[in-house]
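Work through the exercises below with the sequence and the structure at hand. Each task is followed by a stepwise solution.

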Amino acid sequence: MRKLTGYGVSPYDSLPTSPMFTYDALKKEDPKIYDALMGEMKRQKEGVELIPSENYISPAVLEVMGTVFNNKYSEGYPGKRYYGGQEYTDCVESIAIERATKLFRCEHANVQPHAGAPANVALYFALLEPGDTVMGMDLSHGGHLTHGHPVTYITKIFNFVRYKMKDVETGEIDYDEMREVALREKPKIILAGFSAYPRELDYAKMKAIADEVGAYTVADMAHIAGMIAGGALRNPFDDGFDVITTTTHKSLRGPRGGMILCRELELGRKIDKSVFPGFQGGPIMQMVAAKAVAFGEALKPEFRDYAHQIIANAKHMADVFMQSGAKLITNGTDNHLMMIDCVKSWDMTGQEAETLFDRIGITLNKNMIADDPRKPMDPSGIRFGTPAVTTRGMKEHDMKTLANFMLKAVENRGDDKVISALHDEVIEFCLRFPVPGIDS
Ligand SMILES: Cc1ncc(COP(=O)(O)O)c(C=O)c1O
């Protein structure tokens with residue numbers, strides 16, 4: 001475990017915390033945890049966050065997460081609880097539901113899933129019988145663990161089949177193969193969604209295939225929910241999709257959590273039963289309240305600007321890398337994320353690139369690329385994206401600066417002096433951009 005002495009009575013005491021967040025009680029009660037928090041605040045302020053699933057929540061969302069809503073048990077749903085004293089919890093959950101359905105233009109929302117993975121498990125149990133088949137995106141082509149990776153328990157109960165990209169140069173999905181596999185395997189769910197795919201999916205084509213075989217259409221939009229909410233990417237409900245599952249903490253910029261949305265109320269009833277009592281116990285009410293606040297923020301016009309800026313920033317950054325000769329998976333991006341084949345681009349592994357960028361204060365993650373010959377813990381690529389830096393107020397020209405920091409690090413990877421000087425430059429650059437919840 002990392003030793004925390006040296007924090008505390010410490011250089012970080014001078015960190016500018018917002019007047020709302022003085023953390024005085026924590027400092028007095030538990031200095032070790034306080035020290036770790038101060039260290040994390042410093043890390044977030046002085047570093048560039050390019051992990052595409054991370055973001056900075058607003059002071060209002062952060063504030064409600066640390067409230068006495070934590071103390072309340074609320075098993076059930078608004079108006080139908082198993083415990084008394086629900087007048088205020090019913091209020092916040094009803095507001096969260098109302099705002100979620102307005103935001104995504106659908107009839108039903110379940111805002112109780114504790115995270116994205118439990119939302120997907122609850123979804124499978126709502127719509128499937130043991131042994132039924134789900135068709136999802138191949139994991140090395142961008143799909144998520146919860147879409148049927150053999151290490152997950154869910155694969156012991158349901159059967160998963162895959163679709164892939166036809167052309168890794170353009171990222172186009174092989175919809176003909178998808179149809180063939182669907183006709184052969186008769187999936188009960190066709191699942192659109194990914195955590196490492198930089199292009200838009202053709203939801204209308206997937207819906208047509210699903211209709212042919214009588215499958216539900218589900219989009220796991222965990223990564224792109226913010227851009228859909230802000231009108232910068234297509235909403236799968238507009239193409240007739242039945243269900244959307246999502247996390248609330250990525251581009252949607254809410255608290256850590258999950259959510260399941262249904263186009264029609266009827267299916268929503270099945271989902272509700274599956275989330276509680278089927279799978280979870282009591283909802284985490286301070287998170288439900290924080291979801292309500294985040295959805296309220298996402299309904300504002302400024303959020304539309306944010307959503308469009310995320311994509312403009314990603315496209316610009318992708319162009320800078322491509323002009324330098326780097327090999328981007330699918331040769332660009334339509335959304336918030338980019339992936340680089342580091343072996344082909346820079347003759348280094350994804351792990352080596354992740355470590356190098358860490359040394360200059362830029363955080364991203366190593367990632368498998370399509371049909372990667374290397375192992376998941378030592379893959380060929382890196383994955384990075386723009387939701388967090390866009391929240392911090394960075395624009396296209398700042399993306400150029402960031403890409404140039406990274407390219408200079410690659411060029412000078414053997415020179416500790418240059419790397420250390422670059423780190424200083426990155427810190428200086430970062431301090432120009434306030435972090436919500438720390439600086440405001
Ligand atoms: C597409 C997708 N689904 C589900 C999840 C799981 O979310 P959580 O980590 O909140 O369980 C993720 C997380 O990265 C994801 O990218």
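**Exercise 1. Against which elements do the buried residues of helix H11 pack?**

Step 1. The buried residues of H11 pack against helices H8 (225-229), H10 (285-298), H14 (387-391) and H15 (396-411), and against strands S13 (337-341) and S16 (381-385). Contact is taken as C-beta atoms, placed from the backbone, within 7 Å. Helices (H or I, at least four residues) and strands (E, at least two) are DSSP runs, numbered from the N terminus.

Step 2. The model is predicted: local features need pLDDT of at least 70, side-chain atom pairs count only at pLDDT 80 or more, and totals for chains, interfaces and linings use all residues. Residues are numbered from 1 along each chain as its sequence is written.

Step 3. Among the buried residues of H11 are Phe303, Tyr306, Ile310, Met317 and Phe321. A residue is buried if 20 or more other C-beta atoms lie within 10 Å of its own, exposed if 12 or fewer, and partly exposed in between, with C-beta atoms placed from the backbone.

**Exercise 2. Check the span of H11 (residues 301-323) against 1.5 Å a residue.**

Step 1. The expected span is 1.5 Å times one less than the number of residues.

Step 2. Just after H11, Gly325 has a positive phi of about 100 degrees.

**Exercise 3. Give the strand order of the open sheet of 7 strands, and find its edges.**

Step 1. The order is S4-S12-S11-S10-S9-S5-S6, with mixed pairing. Two strands pair if DSSP finds at least two bridges between them.

Step 2. S4 (108-110) and S6 are the edges; each has a single partner strand, so one side of each lacks a neighbour in the sheet.

Step 3. From one strand to the next, the twist averages 20 degrees. Axes are lines fitted to C-alpha atoms, for helices over the stretch in contact, and angles run from 0 to 180 degrees between N-to-C directions.

**Exercise 4. Describe the surroundings of strand S5 (residues 133-137).**

Step 1. S5 pairs with S6 (residues 159-163) in the parallel sense over 5 bridges, and Gly136 stands opposite Arg162.

Step 2. With S9 (residues 189-193), S5 pairs in the parallel sense over 2 bridges; Met135 stands opposite Ile190.

Step 3. Of the 5 residues of S5, 4 are buried, so S5 is largely enclosed by the rest of the structure.

Conventions:
Contact = placed C-beta atoms within 7 Å.
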